[in-house]
Amino acid sequence: MLLDWLDNPSPTCGIRLLKPDGSWFFRSYAELAVDVRRISAKLRQAGGARGDVISLVVHDPWTYIASFMGSLAAGMVPSPLATPLAFRQSERYIAHLATIFSVARPALVVTDARLVDLARSGVVRADCQATVLELDLAVADEADADSALGARAELVDTDLALLQFTSGSTGAPKGVRISCANLSANVQAIRSWLKWSAEDVFASWLPLYHDMGLIGGMVVPVVSGTDLWLMTPDQFVRAPLRWLECFGKHGATLTTAPSFGYAYTARRVSPEQIADFDFSRWRVAILGAERIEPAAISAFYQLVSSHGFNPGALIGAYGLAEVTLAATGAPPGGGSRLVRTKSTALAVGEAVVVAETGMLGLDSAGGAGWLTGCGAAVEGLDVSIIDEDGNPLPDGAFGEVFLTGSSLAQGYLTGDGVTPFGHEGLRSGDAGFLLGDELFVVGRIGESMKVRGASVHAEDVESELGNLDGLPNVRCAVAFGAVDSENLAVVFVEEQVGQDWLTAASERVRTITAGSASPLILRGKRGSIARTSSGKPRRRTMWTELLTGAATPWEAVHGQAPVSFGIADATAPTG
């Protein structure tokens with residue numbers, strides 16, 4: 001299934017890539033098939049063998065796609081890695097590459113001219129024996145022409161199709177071992193869930209190294225032969241209007257993105273800029289990768305609603321690399337339900353009480369306790385809620401999300417070797433509950449704190465602070481921890497907030513945590529919050545840096561910082 005498209009690639013459907021000047025250029029799947037076979041041959045010529053890991057450190061999107069598919073066509077295992085954009089500093093990026101290489105032990109590292117020096121530095125630091133293969137698809141020779149006609153590998157279900165490193169929001173990255181059977185099952189599940197048809201057109205700006213961009217935004221469209229409009233994340237940041245043009249002018253029908261992408265678009269694009277756009281063909285706008293903020297999505301809907309956009313297209317989803325990508329999803333056209341829990345302090349095993357309901361996009365709900373439905377389990381997967389001992393919990397009870405099914409990967413690859421998941425299923429590390437067959441995800445268990453036997457999640461506090469009256473959409477992250485027997489709720493904020501916000505935020509933290517945590521607010525420049533390659537805050541990483549007294553970009557602006565943090569005393573009253 002994954003490579004069937006190579007046998008008869010379309011000369012009329014393909015990929016449109018955004019050029020630096022803002023225009024689009026088209027390359028067909030027939031052209032992609034030629035480059036896939038060329039790269040497959042180059043991998044073999046460079047010494048790669050069936051089953052070898054091929055690390056992809058590639059900036060150019062076309063080369064990235066061809067390299068991924070070329071690795072599969074050679075019977076090898078592509079392992080996509082983040083680009084430097086996610087790390088900001090070359091030294092941090094090289095250290096990241098070295099960490100991954102030391103675990104993955106790739107036979108080859110495929111790269112391009114822009115990243116080849118960084119890739120080589122990572123290989124040297126990891127002290128691995130990988131060959132660095134720099135690709136330039138603009139250059140072809142007679143050998144390339146011959147190899148373009150070569151045979152592709154016949155994949156079997158037990159072959160590994162992908163070594164996908166997790167983005168590491170709560171710890172060191174781990175390689176998720178995804179088989180051909182896993183990947184094929186999830187591709188089919190996504191197509192079935194979204195009622196994918198030959199008339200659909202996909203548009204994406206997500207990074208190709210992250211599971212949502214890689215599988216949802218690239219593998220499924222290519223395998224399906226669907227036309228694809230593709231931007232890079234930095235192009236999206238500079239010009240989100242180009243993304244909207246894919247739907248409003250070019251007729252794209254499907255996309256997926258974290259909620260911050262929709263919120264960013266609503267802030268950066270004016271109604272006047274889309275006055276002549278028509279969104280009536282846009283039938284699916286998936287929201288995933290992070291907890292969905294209803295208020296932000298309402299702002300997006302207000303921007304596009306008068307141009308034929310159906311609010312039922314806004315559908316929540318839940319997924320993770322450990323189940324290849326998609327685990328649950330709301331039905332296309334039906335939208336996503338909102339609920340507000342009566343309490344944000346939820347105890348495992350207890351029934352969740354719903355105080356209010358709404359619909360995503362239509363209702364401008366915001367703050368702690370508001371959650372977006374992520375739909376039912378996709379085809380081939382089962383989702384349940386369990387307690388700390390692994391016992392199943394009834395409908396409506398709060399606990400840990402547990403997953404089983406055909407898309408569940410084979411296990412982790414770490415520095416200590418392979419750790420299988422086993423047949424019993426996967427404890428996701430995410431807390432939530434089911435209402436009927438609809439999943440509501442509250443947050444990461446490892447990033448919560450206990451308050452009188454119940455759990456308060458960092459995501460709820462962040463949501464509340466991001467929706468304070470008078471200063472909405474504040475970018476912040478929250479980490480819980482204890483120093484010298486004192487419980488702290490450290491708020492990392494990237495805005496020039498005033499004293500009124502600081503006071504209100506401090507009071508809100510005390511209220512949500514029932515006085516169990518002392519608020520400490522730290523301020524840094526835009527970009528100071530450490531994030532995973534998918535954009536999630538690395539709360540544990542920032543907390544650990546504070547504990548170790550490492551140099552940080554933060555200054556205390558409210559509250560008393562422990563001396564061990566190495567941060568100056570607060571410059572504002574503690575309130």
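In the predicted model, Leu 32 contacts Trp 5, Ile 15, Trp 62, Ile 65, Ala 66 and Val 222, with neighbours up to four places away in sequence left aside. Leu 32 belongs to the largest nonpolar core, which has 125 residues. Together with Ile 15, Met 69, Trp 243, Leu 244, Phe 300 and Phe 309, Leu 32 touches the most other members of that core. Another core of 24 residues lies apart from it and includes Ala 368, Val 456, Leu 502 and Ile 512.

Helix packing was examined for H2, which spans residues 61-73, and H7, which spans residues 211-224. The axes of these two helices come within 12 Å and cross at roughly 70°. Angles from 65 to 115 degrees count as roughly perpendicular, and H2 and H7 are therefore assigned to that class. Their crossing is right-handed. On the H2 side the contact is made by Ile 65, Phe 68 and Met 69, and on the H7 side by Leu 214, Met 218, Val 219, Val 222 and Val 223. Eight nonpolar residues make up this contact, with no polar and no charged residues.

Phe 421 lies in the loop between strand S22 (417-420) and strand S23 (426-435). Its relative accessibility is 9%, so Phe 421 counts as buried, the cut-off being under 20%. Beyond residues up to four places away in sequence, Phe 421 touches Glu 322, Leu 408, Ala 409, Gln 410, Gly 411, Tyr 412 and Leu 426. Between Phe 421 and Ile 521, the C-alpha to C-alpha distance is 39 Å, at a sequence separation of 100 residues.

Terms used. Residues are numbered from 1 along each chain as its sequence is written. This is a predicted model: local features need pLDDT of at least 70, side-chain atom pairs count only at pLDDT 80 or more; totals for chains, interfaces and linings use all residues. Side-chain values use heavy atoms; hydrogens and water are left out. Helices (H or I, at least four residues) and strands (E, at least two) are DSSP runs, numbered from the N terminus. Buried means under 20% relative accessible area, exposed over 50%, partly exposed in between (1.4 Å probe, protein chains only). Contact means heavy atoms within 4.5 Å. Axes are lines fitted to C-alpha atoms, for helices over the stretch in contact, and angles run from 0 to 180 degrees between N-to-C directions. Angles under 35 degrees count as roughly parallel, over 145 as roughly antiparallel, 65 to 115 as roughly perpendicular and the rest as oblique. A crossing is left-handed if the near helix is turned anticlockwise from the far one by less than a right angle, and right-handed if clockwise. Ala, Val, Leu, Ile, Met, Phe, Trp, Tyr, Cys and Pro count as nonpolar, Asp, Glu, Lys and Arg as charged, and the others, Gly among them, as polar. A nonpolar core is a set of buried Ala, Val, Leu, Ile, Met, Phe, Trp, Tyr and Cys residues joined through side-chain atoms within 4.5 Å.
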